[in-house]
Amino acid sequence: MSRVRQLLRDADQLHVLQFWSELSADQRRALVRELLPLEPGGLKAHCEAACRAAAAPAPGAQRSLEPVPMETFGSVRRSDPELLSSWENQGWLQVSQSRVGVLLLAGGQGTRLGVDYPKGMYDVGLPSGKTLYQLQAERILKVQQLADSRHGTKCSVPWYIMTSEFTLSRTQSFFEQNQHFGLNPSNVVMFEQRMIPSVSFDGKILLQEKWKIATAPDGNGGLYAALEDNNVLEDMRSRGVEYLQVYCVDNILVKMADPLFIGFCLSKGADCGAKVVEKAYPSEPVGVVCRMGGVSQVVEYSEIGAETAELRGPEGELMFNAGNICIHFFTRNFLQEVAQKFKDELKPHVALKKIPFIDECGNKVTPSKANGIKMEKFVFDVFPFSRTFVVLEVPREEEFSPLKNAEGSKADNPSTVRNSLLTQHTRWAMSAGARLLNQYGNSVTTHTSDAAQVEISPLVSYSGEGLEELLRGRTLTTPLLLDQRKATELQSQHHH
Ligand SMILES: CC(=O)N[C@H]1[C@@H](OP(=O)(O)O)O[C@H](CO)[C@@H](O)[C@@H]1O
C-alpha cells in the first residue's frame, strides 16, 4: 500500500484514494491490484502528456506529405494475370510450409457499434447466421486446405488474437463453446493488450467506480508491447512462422493469410507492407498511406485535416488516395527489431472522449460532451522503421467492408457489410456460370444489393475459386446458401 500511495503522490494523483475509507476490504484489494503494475515515472509522464495534449490545438497542416512512390506500389487491378499468379504461387508455397501466421486486433470496445461484447461475436444477419469470428476461422481452415492440396502438405496457419480486458474472457468462452470453429485449439493463441488510465483534461486519472480507475486499451499499436509481454514472437519462432498478416476484426471481407499479399510483399523483399483501397470520397474515415520527409507512414483520418484530404492531382484524382484498410504484413525479424529497439518511440495519439466517472462527491456522472483523454498507439506507426515498405492496392468490393457503426447509421453498419458479402458471393456465383432466379422466378441480372442473396461458405470457396464445377450452367433460386452440404448435393447431381 505504501508503494501505491507513493506512486500516486509522485504522479500527483492522490485523489484516486479519495474514497478509501468507504471501501470494503475486497474493493481495496481490487484498487491496489489495479494500481500496482503502473510504473511510477510512466504514470506521471502519461498524465502530464495527456494534459498537454488536451491543451494543444489539433495538429496543423501537414505540408510535407507526399503520396507513396510508384516503385513501392502494386495494384491488383493494374497487374497482368501472370504477375498476379506468380505472387500468389509464392504465397501459397509459404502458407503450405507453415511459415505464415495471422494476427487479429480484437481488443476494441465496439463503442461506435454500440455493443458491450467483442465485435468479432457480432452476427450481421447473414443467412447462415455466422459471426465475424466464424467467417475468419473458416477462411483459415480453407486456406490451409487449399495450400495442402497444392503442395501435398499438412500445414497450419496459427491465429494470434490480441484481446483486451474487455474482450478476452468473452472471446475465449465463445471459441470454446464453438469448438474453435473446427480449428486446432493449439493453433489459436489469445493474449491481452495493456490497459492505460483515462485522464481528465487537467491531467487527473478518472475514477470509474470508487474502487476502480477508468482505463482503456492502449490502442491497436499496443500490439508491440503485448507481443513482448506475452512472448508471442518466441511462439512464432518456435513454430517456424516467419511472416505475419495483421488485421482488424471488423472487415467482413478480410482474406486470411492472403497468399497474393504475402507473395507480393516477399517478391519485393519487404519487411513491412500495407493493403490499401482507393478512397471512396475525401472525408472517408480511413487513414491514408503516404510519405513524410521520404518516410512511409499512415496519417489517420482524425488527423489529416480536410484541406489535405481534398487535394487533387492533375487528373482530378485524390492526391492522398491510398486508403488504409488495416491489413498489414510484417516479417518476424522486423517485429523483433521493433520490439527490441523502437516500440518505446511510438507516440500515443490523443482522443477526447466521453468517459463516465465518479465526481468528488462520489456521484456517478455520464457526461454529455467529451471530458477526458484516451491515449492510443496506432499499429501502423511502426511503418517508418521499416527498411523496405510496400503497398498493395486491392479492389474494395473484394476486400474491404468494415463494421464500425450501429444499424441505421449512414455507412459501415451491419446492413452494409452484410450486403457487401452477399453481393460479392452473387458475383462469384454468376461468374462461375450460375443462372440465378429471385424468389419470383425472375432472373437476377443486376448486382444491386437487394438482388444479391447468395452466401457461399468459406469452407466451399476462399475467394471465388472452385465454383465452376458446382455452378456452371445451373439455374438456382435465391436466397441461396451454398455450404458444404449443398456443395456435396450439387456435386452428386453432376455425376448422374
Ligand atoms: C489506428 C488504426 O489502425 N486505424 C485504422 C482503423 O480505424 P478505426 O477507426 O480505428 O477502426 O481501421 C480503418 C479501416 O477500417 C483504417 O483506415 C484506420 O487507419
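Start at serine 98: it is buried, with a relative accessible area of 18%. Buried means under 20% relative accessible area, exposed over 50%, and partly exposed in between, using a 1.4 Å probe and protein chains only. This is a predicted model, in which local features need pLDDT of at least 70 and side-chain atom pairs count only at pLDDT 80 or more, while totals for chains, interfaces and linings use all residues. Residues are numbered from 1 along each chain as its sequence is written, and side-chain values use heavy atoms, without hydrogens and water.

**Backbone stops**

Stay on serine 98 and check its backbone. Phi is near 60 degrees, a positive value in a residue other than glycine. Serine 98 sits in the loop between α4 (81-96) and β3 (100-105). Helices (H or I, at least four residues) and strands (E, at least two) are DSSP runs, numbered from the N terminus.

Next, select aspartate 12. Phi of aspartate 12 is also positive, near 60 degrees. Its loop runs between α1 (2-10) and α2 (25-35). Aspartate 12 counts as exposed, at 52% relative accessibility.

Now go to proline 479. The peptide bond that joins threonine 478 to proline 479 is cis, with omega near 0 degrees. Proline 479 belongs to the loop between β23 (475-477) and β24 (480-482).

**Cysteines**

Colour the cysteine sulfurs. The structure has zero disulfides, a disulfide being a pair of cysteine sulfur atoms within 2.5 Å. From cysteine 47, the nearest cysteine sulfur is that of cysteine 51, 9.1 Å away. Cysteine 47 is buried, at 3% relative accessibility. Select cysteine 265 next. Its sulfur is 8.4 Å from the closest cysteine sulfur, in cysteine 272, which is too far for a bond. Cysteine 265 is buried too, at 0% relative accessibility.

**The ligand**

- Glutamate 300: a side-chain N or O atom is 2.6 Å from a ligand oxygen.
- Asparagine 324: a backbone N or O atom is 2.7 Å from a ligand oxygen.
- Arginine 112: a polar side-chain atom is 3.1 Å from a ligand oxygen.

**The cavity**

Which residues lie nearest the centre of the largest cavity? Select Arg139, Gln424, His425, Trp428 and Tyr462, from a lining of 16 residues. On a 1 Å grid over the protein atoms alone, a cavity is a set of points where a 1.4 Å probe fits but cannot get out; a pocket is an open set with protein on both sides within 12 Å along at least five of seven lines; lining residues have an atom within 4 Å of a point. There is one cavity of 30 Å³ or more. The largest cavity holds about 130 Å³ of space. Highlight α5 (132-151), α13 (414-431) and β22 (454-456), each giving at least two lining residues. α13 gives the most, with four.

**The second largest pocket**

Move to the second largest pocket, with a volume of about 1,000 Å³. It is lined by 30 residues, and Arg194, Met195, Ile196, Asp218 and Lys377 are closest to its centre. Elements giving two or more lining residues are α3 (40-55), β6 (195-197), α7 (223-229) and β19 (372-376). End on α3, whose five residues are the largest share of this pocket's lining.

Terms used
Grid points are joined across faces, edges and corners, and a volume is the space filled by probe spheres set on the points. A polar contact is a pair of N or O atoms within 3.5 Å; within protein, one must be able to donate a hydrogen and the other to accept it, and residues adjacent in sequence count only if both atoms are side-chain atoms.
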